[in-house]
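Hi everyone, thanks for coming.

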Amino acid sequence: MKVLVTGGAGFIGSNFIRYILDKHKDWEVINLDKLGYGSNLDNLKGVDEDRYTFVKGDMTDFELISKLVKEVDAIINMAAETHVDRSISNPYSFIESNIIGVYTILEAIRKYNPEINFVHVSTDEVYGDIEKGSFTENDRLMPSSPYSASKAGGDMLVLGWARTYNLDAKITRCTNNYGPYQFPEKLIPKTIIRALNNLKVPIYGRGENVRDWLYVLDHCSGIELVLEKGERREIYNIASNQEKMNIEVVKMILKIMGKSEDLIEFVEDRPGHDVRYSLDASKIRELGWRPKFKFEDGLKETVEWYLNNEWWWKPLINEKVLHPTPWKLKW
Ligand code: NAD
C-alpha cells in the first residue's frame, strides 16, 4: 500500500509515519508538508528512506495534490493549523489550511481517484465543551475557537463530498495527544522545558479545565484501524478516557521531575477557553481498538524523552514559544 500523509512533519503525522513504516514493511509513505513553524524534519530522522518520500508543498495547491492523489492508494489528512492560541490572534491561516486545504484534497480525490481510501483527522474540539457525560459521533458541533470552528468546517466538507460523490472517506476525532516530537508551545512539553530551566510554569485561569489525554501512539493505532476497517462516511471518536485537569497534569510533571509546585503561576485565561472535553469512544472500541498507555506511564516516558532529547527541542525555543499567554501576541 502507498499512503499519502499530509502534515507528516508535525507532531502526530511524524509519529504516525514512523509507526506505520515500522509496522508494515511493505508500505510506502509520501509525506506532504508545507513545513510551517511547528514542523520539523528531524522528527523523521532515521526512517527507512527506501519507503519514504518527502514533498514540500501546500495542500491548497490543487495541481500538486492532484498529482499525488493519482499516485497513492490512501490519504491520511493530518495537515492543519493547530494552535488554539494562535488562531485567536491570526485566524486566517486556519481557514486556509483547515477548510480550503480540505476542500482542495476532496476536489482532487473526486476528480482523479474517487475510490481512494481517505481518512480525515479531526479533533474533539469540534463538539465544544461538555459539563457531564461524553459526546458521541452523533452529537451536534459547537466549536468555541477559530481553530475548532475551522476544523468543524473541514469535517462538514468531508461529509458533504463523501455523500454527494460517494467517496470512501472517514473522519476520526481524537482527544489531546501527548508524546515525543510535540512542538514546545503545547502544555506538556512547555511545562517540562520551563520546569527544567526553573522558570515559572504558566497555567490558564485556575487550571481546572479538563482534557482527556491520549498517548500519540494510541492515536496512531486508532487511525490505522479506521484506515483498514472503518466504514465509508463514518466518524470515529478516539479517546483514552483518562481525564485530568490541567493543574493535575502540571503537578504530575513537576513531581516526576522532582521540581517544586511553587513554580506554578496562574495567568489570565484564554478567551472562550473550553471547560471540559469528553468523548465516547465506544464505536472505535467496537472495531477492536484499545489504548495501550496509562497516562501516568505515558507521561513519565514523555518527560524522559524531552530530558534526553534536548538536541531536538532546543533550536525551537524562543520567547514567543514559551510565552505565558501566547494568545495575546501578534503572530
Ligand atoms: P502540528 O501542528 O504538529 O502539525 C501539523 C502539520 O501540518 C505541520 O507540520 C504543518 O506544517 C502542516 N501543515 C499545516 N498547514 C498545511 C498546509 N496548508 N499544507 C501542508 N502542510 C500543512 O499538529 P498535530 O498536533 O500533529 O496535529 C495533527 C492533526 O491532528 C491536526 O489535523 C489536528 O487538528 C489533529 N489533532 C491534534 C490533536 C493534538 O492533541 N495535537 C488532538 C486532536 C486532533
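Let's begin with two helices: does α2 pass α4 in a right-handed or a left-handed crossing? It's right-handed. Keep in mind that this is a predicted model.

Now the geometry. Helix α2 covers residues 62–71, and its axis comes within 9 Å of the axis of α4. The two axes cross at roughly 50°, and therefore α2 and α4 are oblique to each other.

So who touches whom? On the α2 side we have Phe62, Ile65, Ser66, Val69 and Lys70. They meet Thr104, Ile105, Glu107, Ala108, Ile109, Lys111 and Tyr112 in α4. If you sort the residues of this contact by class, you get seven nonpolar, two polar and three charged.

Okay, on to the ligand. There are 30 residues around the ligand, and the ones that come nearest are Gly7, Gly10, Gly36, Ser39 and Ala80. Which elements give two or more residues to that shell? They are α1 (11–23), α4 (92–112), β5 (117–123) and β7 (176–178). The largest share, three residues, comes from α1. By class, the shell has 11 nonpolar, 14 polar and five charged residues.

Last bit, the wider view. An unreviewed UniProt entry lists residues 4–302 as "domain: NAD(P)-binding". Over that stretch the chain is 40% helix and 19% strand, and the C-alpha atoms at its ends are 27 Å apart.

Notes
Residues are numbered from 1 along each chain as its sequence is written. This is a predicted model: local features need pLDDT of at least 70, side-chain atom pairs count only at pLDDT 80 or more; totals for chains, interfaces and linings use all residues. A residue is near a molecule or strand if its C-beta atom, placed from the backbone, lies within 6 Å of it. Helices (H or I, at least four residues) and strands (E, at least two) are DSSP runs, numbered from the N terminus. Ala, Val, Leu, Ile, Met, Phe, Trp, Tyr, Cys and Pro count as nonpolar, Asp, Glu, Lys and Arg as charged, and the others, Gly among them, as polar. Axes are lines fitted to C-alpha atoms, for helices over the stretch in contact, and angles run from 0 to 180 degrees between N-to-C directions. Angles under 35 degrees count as roughly parallel, over 145 as roughly antiparallel, 65 to 115 as roughly perpendicular and the rest as oblique. A crossing is left-handed if the near helix is turned anticlockwise from the far one by less than a right angle, and right-handed if clockwise. Two residues are in contact if their C-beta atoms, placed from the backbone, lie within 7 Å. UniProt positions are given in the numbering used here, feature names are shortened, and annotations may be inferred rather than shown by experiment.
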